[in-house]
Structures are given as structure tokens and as C-alpha cells.
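This note is written for a colleague who is meeting the structure for the first time. Please look over the sequence and the model before reading the points.

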Amino acid sequence: MSNPWLKKNPILSMWLSGANAVAGAARGRARSTAKKSAATATRQAAGAAVSAWLAPFAAPKPRRKKRR
């Protein structure tokens, strides 16, 4: 005689499949947002480093004329 507790439950299986699909979609959105944020931070850091190194070689800013 087989144990009825060891049989597959189709309702539970469907519910877990749906939950897994929702979790996968949320995980994908979180991963893409993190990737975009990391790319932006890297781009900004590289730009700041280049600006810091090239600032001494830039032409001086023009002085503002005094109004009389």
C-alpha cells in the first residue's frame, strides 16, 4: 500500500510554479536596476577622474567684467 502523503499535489505544484515565476520576474527587474546603477556610478567615477587629471591643462575661465 502506498503512502498518500507522498503523492504529488497538483494545486501546490501550480501555486509554487506561479510563485517561482513572480519571484523570477522580480529578481530580473532588481538585477537590471542594479546593473544600470552600477554602470552609471562607473561612468560618473571615470568622468570625475578624467576631469581631475585634465583640469590643470584646461584654459583658464574668463573673468567676469565689472558693471559700472
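The numbered points below go from the overall form of the chain to individual residues.

1. The model under review is predicted. Its protein chain contains 1 helix and 0 strands.

2. The overall dimensions deserve attention at the outset. The C-alpha trace of the protein chain spans about 100 × 30 × 10 Å along its principal axes. The radius of gyration of the protein chain is 30 Å, whereas a compact globule of 68 residues would have a value near 11 Å.

3. Among the 68 residues of the protein chain, 0% count as buried. The chain exposes about 7,300 Å², and 64% of this area is supplied by carbon and sulfur atoms.

4. Helix H1 covers residues 10-54, which makes 45 residues. At 1.5 Å a residue the helix should span 66 Å, and the distance between its end C-alpha atoms is 66 Å, so expectation and model agree.

5. The N-terminal end of H1 is capped by asparagine 9. A side-chain oxygen of this asparagine lies 3.2 Å from the backbone nitrogen of isoleucine 11.

6. Alanine 23 belongs to helix H1. Its relative accessibility is 34%, and alanine 23 therefore counts as partly exposed, since that class lies between the limits of 20% for buried and 50% for exposed. The C-alpha atom of alanine 23 is separated by 32 Å from that of glutamine 44, a residue 21 positions away along the chain.

7. Is tryptophan 53 buried or exposed? This residue, also placed in helix H1, counts as exposed because its relative accessibility is 68%, and the class begins over 50%. Together with Val50, Leu54 and Phe57, Trp53 makes a nonpolar surface patch of about 550 Å².

Conventions
Residues are numbered from 1 along each chain as its sequence is written. This is a predicted model: local features need pLDDT of at least 70, side-chain atom pairs count only at pLDDT 80 or more; totals for chains, interfaces and linings use all residues. Side-chain values use heavy atoms; hydrogens and water are left out. Helices (H or I, at least four residues) and strands (E, at least two) are DSSP runs, numbered from the N terminus. The expected span of a helix is 1.5 Å times one less than its number of residues. A polar contact is a pair of N or O atoms within 3.5 Å; within protein, one must be able to donate a hydrogen and the other to accept it, and residues adjacent in sequence count only if both atoms are side-chain atoms. Patches are made of residues with over 30% relative accessible area and no salt bridge: like charges are joined within 9 Å, nonpolar side chains (Val, Leu, Ile, Met, Phe, Trp, Tyr) within 5 Å. Accessible areas come from the Shrake-Rupley method with a 1.4 Å probe; for residues, only the protein chains shown count as cover. A salt bridge is a side-chain nitrogen of Lys or Arg within 4 Å of a carboxyl oxygen of Asp or Glu. Buried means under 20% relative accessible area, exposed over 50%, partly exposed in between (1.4 Å probe, protein chains only). The radius of gyration is taken over C-alpha atoms; the globule rule is 2.2 Å times the number of residues to the power 0.38.
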